[in-house]
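Thanks for coming. I will go through one structure this morning, starting with its strands and ending with its rings.

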Amino acid sequence: MNENIPIAVEGLPFAIPLLILSAALWYFGVRYPAIFFTLLTVFVLWFFRNPERFAPEAPSAVISPADGRIIVADEVKEDRYLKEKALKISVFMNVFNVHVNRVPYSGKVKDVIYNKGKFISANMDKASMDNEQNAVILDTGSGKRIMFVQIAGLIARRIVCYLKPGDTVEKGKRMGLIRFGSRVDVYLPSGSTLNVKIGDKVVAGETVLGYLK
């Protein structure tokens, strides 16, 4: 699950061919294409970087599952899966953010629901409903449920999730990624305390989004 590896393994199918091509171009003295593909290789390796993160110890803290910027922080009625009011927090990831996602809270995975969909820009409100996405429903063990949803974006075409129903997960651990720009929505139980606002920049595995009641 990509633990303690500086580059996410999902990036290797992109990086290795580029690395081989770059080396071949340098070997045969094709200078300008070699420079271009070397820079492209560096970008791909940088995009799939997989840094260590350290979750806060506060037991009620819910942490960000993604690097990026807060674009939604409001109470909504979640009618698809939770069927109840929830505090919705959306994190938009641009192409320059770390794209490895992390578990926002410890608990047991009750369900993982994948839906095909469109690929409109992930910072638009309707992306939460219309885009390709993968929802994870987590039982916190105290009678509360949290849901976090990986959503593909305009450029993103591949959602990766390591979790499956029945898994026991730990806050801050790696749980997947989305390739090339995307979004993650988090739904907390109504009555939770919000710790971020729209426009805030957050760090996966470290920034506290809110606290469970």
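Strands β2, residues 68-78, and β3, residues 84-93, pair in the antiparallel sense over 9 bridges. Strands here are DSSP runs of E of at least two residues, helices are runs of H or I of at least four, and both are numbered from the N terminus. Two strands count as paired if DSSP finds at least two bridges between them. Within this pair, aspartate 74 stands opposite lysine 88 in β3. The two strands form a hairpin with 5 residues between them, and lysine 83 in the turn has a positive phi of about 60 degrees.

A word on the source: this is a predicted model, so local features need pLDDT of at least 70 and side-chain atom pairs count only at pLDDT 80 or more, while totals for chains, interfaces and linings use all residues. Residues are numbered from 1 along each chain as its sequence is written, and side-chain values use heavy atoms, with hydrogens and water left out.

Now the whole sheet. It is open, with 8 strands in the order β9-β5-β6-β7-β11-β3-β2-β13, and the pairing is antiparallel. Which strands are at the edges? They are β9 (168-169) and β13 (201-202), each pairing on one side only. β9 is joined to β5, residues 107-115, by 2 bridges, and lysine 108 has threonine 168 in β9 as its bridge partner.

Next, charges. A salt bridge here is a side-chain nitrogen of Lys or Arg within 4 Å of a carboxyl oxygen of Asp or Glu. That rule gives 9 salt bridges. In one of them, glutamate 52 meets arginine 174, with the closest N and O atoms 3.0 Å apart. Glutamate 52 lies in the loop between α2 (31-47) and β1 (61-63) and arginine 174 in strand β10 (residues 174-178), so the pair ties together parts 122 residues apart in sequence.

Are these two residues buried or exposed? For the terms, buried means under 20% relative accessible area, exposed over 50%, and partly exposed in between, using a 1.4 Å probe and protein chains only. Glutamate 52, at 39%, is partly exposed, whereas arginine 174, at 1%, is buried.

Another salt bridge joins glutamate 78 and arginine 80, at 3.6 Å between the closest N and O atoms. Glutamate 78 is buried at 4%, and arginine 80 is partly exposed at 22%. Lys88, Arg183 and Asp185 are linked in a network of salt bridges.

Last, the rings. Rings of Phe, Tyr and Trp (its six-membered ring) pair if their centres lie within 6.5 Å; planes under 30 degrees apart are stacked, over 60 edge-to-face, and the rest tilted. The structure holds 7 aromatic pairs. Phenylalanine 36 and phenylalanine 37 are edge-to-face, 5.0 Å centre to centre with 80 degrees between the planes. The rings of tryptophan 46 and phenylalanine 96 have centres 6.2 Å apart and planes at 55 degrees, so that pair is tilted. Tryptophan 46 lies in helix α2 and phenylalanine 96 in the loop between β3 and β4 (100-102), so the pair ties together parts 50 residues apart in sequence. Both belong to a cluster linked by ring pairs, which also includes Phe14, Phe43, Phe47 and Phe48.
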